[in-house]
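Visitor: Could you walk me through reading salt bridges and cores in a model like this one? Let's have it on screen.

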Amino acid sequence: MGKAVLITGARAAAALDMARDFTTAGWDVHLADSVPVRMARWSSVPATHHLYPAPRQEGTAFQACIERLVDAHHIDLIVPTCEEVFHLAAPALTEAIGDRLFAPDVGMLAKLHDKLQFAQAAAEWGLTSPESHVIDSAEDLERFATNSRDWVFKPRMSRFGEQTLVAPEARALELVNPQGWMAQKYVRGEEACVHAVAHNGELVACSSYSSRWRLNGGASFVFEPLDEARHEQLLEVAKTLIERGALHGQFGFDVIFDESGRPNLLECNPRATSGVHLLVGDGQLARSIGLGEPTPETPPETCYLGLAMVLFGLPQAFANGRLCEWRETWQKGRDVLSRSSDRKPILGALIDAGLFALTGFKHGMSTNAATTYDIEWNGEEFA
């Protein structure tokens, strides 16, 4: 048996794809989450599944469970995929898991997760980021009332684009609770995403993609590789961020190419993102994460979440006259959930989505918010 990897956040499609890749690379794979997700459990991937307490609501019990898992199963590497990464980096766990966690320390995680701090750090590291300002009071917000259409307003610790106000009318600002928000200069252009894998300050894998297919909250469900010229631009941006930040782990960066073609850094997700799907396939991503081996640059193919393509993409295609585009995307791309010998994850994902929707209904929140209800971190002190 090879080395053992614990992939947390098994609710994410990225976790399942990485489990496949680590299996191909010869690792003993363990998948874990705080909810019994069927998507991963029903897959044919030969993995051991674990359930841990909710990190956000049961921090101490979560930490104790992780310590037991690492010790009992001789875990060599812990790869987070969702916001449990913050809870895994909590000081109380540092001694127990040490450098087995594939993520930076909690101080750097906080700096990257906070959208204002990230914008400031990007500027300090010599990269382009839109002008950004803190909003912590009604007076801070009032300064933008006369030219609100030139700004984007968002909570500094938000996710999925929820609550974000893009170039709003001034009256929309009246609904903002001015605590923990920021204003960022509105840049018109084309959005793109980067997924970077870093090993002790060195970029070892990178994908870049855009999408014309999104959920209402802004999350993409189709991942289309960028052309070579733009990918090369973002590759240099990723290298600079990783080297100057001395980063270690997985990082997703949202950027926008302005009208001059220059990439502007908007925000960072210091964890796995959908760009993982463009890097898996032959075990190389696992070797990049586990051993620090650089991933060869090979042309990736378009990927998509097949279930979302049917449930959300098809209605969008009919409503907006994009049926031919939908069909072309479906035919040229691949579903990240299913394989010819592994179809059950689609059914599991459908049931998981229904249960998250039910959780959202019970707690008066969106389904998107429900998917992070038990793991999200908004700067609170750790147990």
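Guide: Start with Arg-212 and Glu-325, whose side chains form a salt bridge at 2.7 Å, N to O. By salt bridge I mean a side-chain nitrogen of Lys or Arg within 4 Å of a carboxyl oxygen of Asp or Glu. Arg-212 sits in the loop between β10 and β11 (222-225) and Glu-325 in helix α12 (residues 323-332), so the pair ties together parts 113 residues apart in sequence. Helices (H or I, at least four residues) and strands (E, at least two) are DSSP runs, numbered from the N terminus.

This is a predicted model: local features need pLDDT of at least 70, side-chain atom pairs count only at pLDDT 80 or more, and totals for chains, interfaces and linings use all residues. Residues are numbered from 1 along each chain as its sequence is written, and side-chain values use heavy atoms, with hydrogens and water left out.

Visitor: Are Arg-20 and Asp-342 buried or exposed?

Guide: Buried means under 20% relative accessible area, exposed over 50%, partly exposed in between (1.4 Å probe, protein chains only). Both Arg-20 and Asp-342 are buried, and they form a salt bridge with closest N and O atoms 3.0 Å apart. Glu-325, by contrast, is partly exposed at 22%.

Visitor: Which residues have the most contacts inside the largest nonpolar core?

Guide: A nonpolar core is a set of buried Ala, Val, Leu, Ile, Met, Phe, Trp, Tyr and Cys residues joined through side-chain atoms within 4.5 Å. Here the largest has 43 residues, and Ile-7, Phe-22, Leu-31, Leu-285 and Ile-289 have the most contacts inside it. Helix α1 gives the most to this core, seven residues.
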